[in-house]
Amino acid sequence: MSVDPKAAKAIADLARLSLAPEAAGGGGDGPGSPGAGEPGRVAGEMSKIVGYMEILNECETSGVEPMYSPMADPQPPREDIPREAGEGSGDWILDGAPETFGRFFSVPRIF
Amino acid sequence: MASDPRLARLDLAQAREGLLKGDFTSAELVGAALDRVAETEPALQACLCVLGDQALRDAARLDAGGPDPAMPLWGVPVSVKDVFLVRGAPTTAGSRMLEGYMPGFEAEVVTRLRAAGAVITAKTNLDEFAMGSSTEFSAFRPTRNPWNLGRVPGGSSGGCAAGVAAFQAAGGFGTDTGGSIRQPAALCGCVGLKPTYGRVSRYGIVAYGSSLDQAGPMARNVRDCARLFAAVAGPDGRDSTSSRVPPEDLSALSPPEAKGLRLALPRELWEGSFDAEVGKVLDSAKGLLASAGISLETVGMPSLRFSVAAYYVIAAAEASTNLARYDGVRYGYRTPSKGDLLSLYRESRTAGLGREARRRILLGTFALSSGYYDAYYRKAAQVRRLIRDEYARTLEEYDFILAPVSSIPAWPFGSFTEDPLTQYQLDVMTLPLNLAGGPGLSLPAGLGGDGLPVGVQIMGPHFREKALLEAGILLEGIFPRLPEPPLKAL
């Protein structure tokens, strides 16, 4: 199957990515690098890759149970006993946040 | 004071002997490794972060307590790919998204390495989030191959392989999702082990494909790989994908007899088109094995024809899920522009993630989306079972599977960066094993006429790394020994 620019844009929306050329940052190789986020180009590239994946249809799989993990002996759930999260109080979890508000992660107003 | 350059070239067994006898201290050994890093890094660019002061402090602390024979890696310098969380060092996973991220905890692999007495000297370069086969998709810089600085080192654990090959560390740890340990090891002329899925804890490793990722060692010989592996293998209650199968005792390894050993050579991996130099080395390797009395038999594994397609559906699906966490809120890059929550997500992710990471997220989102899930993701998972079953059947009949690692040697920079599908197809030799979940060991088979190393891999039954490593020791003794890499552009 082929992916058209409209479908590419819809997939990008689901993935929380921008393809529009006017998007800030624009999808180079890092913050601020302008360029490649164009729906047509991405659609062409995806069509080529997804087209190749259609070789899977040549494989007879009726009655084959899908294998989502190679684990043969999954770990049983452990007892639900609270433990220290890393060192100290766990405040370090906030240390990597780009913006915080007191002891909370901060996001734009949603109401 | 300048260190003794010979110290950096010692293998782990020699380093351990010298340390325990007191011929040199851990600080001297680690100092020699760090000097070698300083000397070679301008050419190689193998490291994203060198832990100079921290490593020297760790070494001095070990020296103060004196050599401890109970610690199998006491005092030796080890590098780790920059997906392992190391306390006190930034973890970027090769992405601008995580630039400056300081983890609050440590990967279980690193904790076990420290408990075994190892000193972590550097965090090595990789393709962004381990997605790639050349390190060219590192957001920071590509690593160069020590055998020819104009060539890629392979990937995604390319920094680790280049550094180990160039004596920056006695050994290192990478991760292998579709060949990311075995392929760079082969392209850089070192040994790399991808353990069985579930054998090594994934706790504290930046995730890419959660049903495929497995951490493992790289070193300059098989026994060193075994030493590094033994220090980290075994169950971890903090990783739900860690197996409870008890680890094997690897303290004594004896290679099997060549006569009577039966290797299966899958037609699907040996009958493709090969670079001429690679083909010559592979032919010569097969000749050497046969002369030694090892039986080589061609077998059919017809499902391997579907492995690249199945792998890239599954890996992309898992990548899109794992990378959903990079949202500009909890860690990593956040767009400075002020919009609503959705545009915060979109703009942070679009700017913070590189080209290949975004491509795989889009592919994975497509494969998991309603309407396409059954045709792609479920179908790929069915094919995966067929591939796993073929491995199991082949290994019931043969001791190991023998295969090339790459059909081409280390390639010039830029060869495939604009052609993702061709680059994906180059992974055909290595990625079926990740789908099957078993262990594989890549080791040098010789040097091509172009001066570039060529590797082969052997693959064995799940959780039987000991036999695999022992067979690796046998093969290593049969294949020619590589010279020191020249660190020049040829």
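Tutor: Gladly, and let's begin with residue classes: Ala, Val, Leu, Ile, Met, Phe, Trp, Tyr, Cys and Pro count as nonpolar, Asp, Glu, Lys and Arg as charged, and the others, Gly among them, as polar. This is a predicted model, in which local features need pLDDT of at least 70, side-chain atom pairs count only at pLDDT 80 or more, and totals for chains, interfaces and linings use all residues. Residues are numbered from 1 along each chain as its sequence is written, chains are lettered from A and ligands numbered from 1 in the order written, and side-chain values use heavy atoms, without hydrogens or water.

Student: How do the residues lining the largest pocket divide into those classes?

Tutor: A pocket is an open set of points on a 1 Å grid over the protein atoms alone, where a 1.4 Å probe fits, with protein on both sides within 12 Å along at least five of seven lines; lining residues have an atom within 4 Å of a point. In the largest pocket, the lining holds 17 nonpolar, ten polar and twelve charged residues. There are 39 lining residues, and B:Leu85, B:Phe105, B:Tyr203, B:Gly204 and B:Ile205 lie nearest the centre.

Student: What is the volume of the largest pocket, and which elements each supply at least two residues of its lining?

Tutor: A volume is the space filled by probe spheres set on the points, which are joined across faces, edges and corners. Here that comes to about 980 Å³. As for elements, helices (H or I, at least four residues) and strands (E, at least two) are DSSP runs, numbered from the N terminus. Helix H3 (92-95) of chain A and strand S6 of chain B each give at least two residues to this lining.

Student: Which residues are closest to the centre of the second largest pocket?

Tutor: The second largest pocket holds about 560 Å³ of space. Its lining has 24 residues, and B:Gly189, B:Arg220, B:Asn221, B:Arg481 and B:Leu482 are the closest to the centre. S10 and H17 of chain B are the elements giving two or more residues, and H17(B) gives the most, with three. By class, the lining of the second largest pocket has 14 nonpolar, four polar and six charged residues.

Student: Now the sheet: in what order do its strands lie?

Tutor: Strands of a sheet pair through backbone hydrogen bonds, either parallel or antiparallel. Two strands count as paired if DSSP finds at least two bridges between them. In chain B, eleven strands form an open sheet with mixed pairing, in the order S1-S3-S2-S4-S6-S5-S10-S11-S9-S7-S8. S1 (47-50) and S8 (295-299) of chain B each have a single partner strand, so one side of each has no neighbour in the sheet. From one strand to the next, the twist averages 30°.

Student: In which sense do S1(B) and S3(B) pair?

Tutor: S1(B) and S3(B) are antiparallel, over three bridges, with B:Cys47 partnered by B:Thr124 in S3(B). S2(B) and S3(B), by contrast, run parallel and are joined by five bridges; there B:Lys81 stands opposite B:Thr124. Elsewhere, S10 (440-447) and S11 (453-459) of chain B pair in the antiparallel sense over seven bridges, and B:Leu443 faces B:Val456 in S11(B).

Student: Which strands does helix H17 of chain B touch?

Tutor: Contact means heavy atoms within 4.5 Å. Angles run from 0 to 180 degrees between N-to-C directions, with axes as lines fitted to C-alpha atoms, for helices over the stretch in contact. Helix H17 (465-478) of chain B packs on the sheet against S5 (191-194), S9 (400-404), S10 and S11 of chain B, and its direction makes about 5° with that of S10(B). Helix H6 (158-165) of chain B lies across S2, S3, S4 and S6 of chain B, at about 155° to S4(B).

Student: Is B:Leu51 buried or exposed?

Tutor: Buried means under 20% relative accessible area, exposed over 50%, and partly exposed in between (1.4 Å probe, protein chains only). B:Leu51 has a relative accessible area of 5%, so this residue is buried. B:Leu51 sits in the loop between S1 and helix H4 (52-65) of chain B. Leaving aside neighbours within four places in sequence, its contacts include B:Val86, B:Ala89 and B:Ile120. In S3(B), six of six residues are buried.

Student: Which peptide bond is cis?

Tutor: Most residues other than glycine have a negative phi, and most peptide bonds are trans. The bond from B:Gly155 to B:Ser156 is cis, with omega near 10°, and B:Ser156 lies in the loop between S3 and H6 of chain B. B:Phe463, in the loop between S11 and H17 of chain B, has a positive phi of about 65° and is buried at 18%. B:Leu487 has a positive phi of about 55° and lies in the segment after H17 of chain B.
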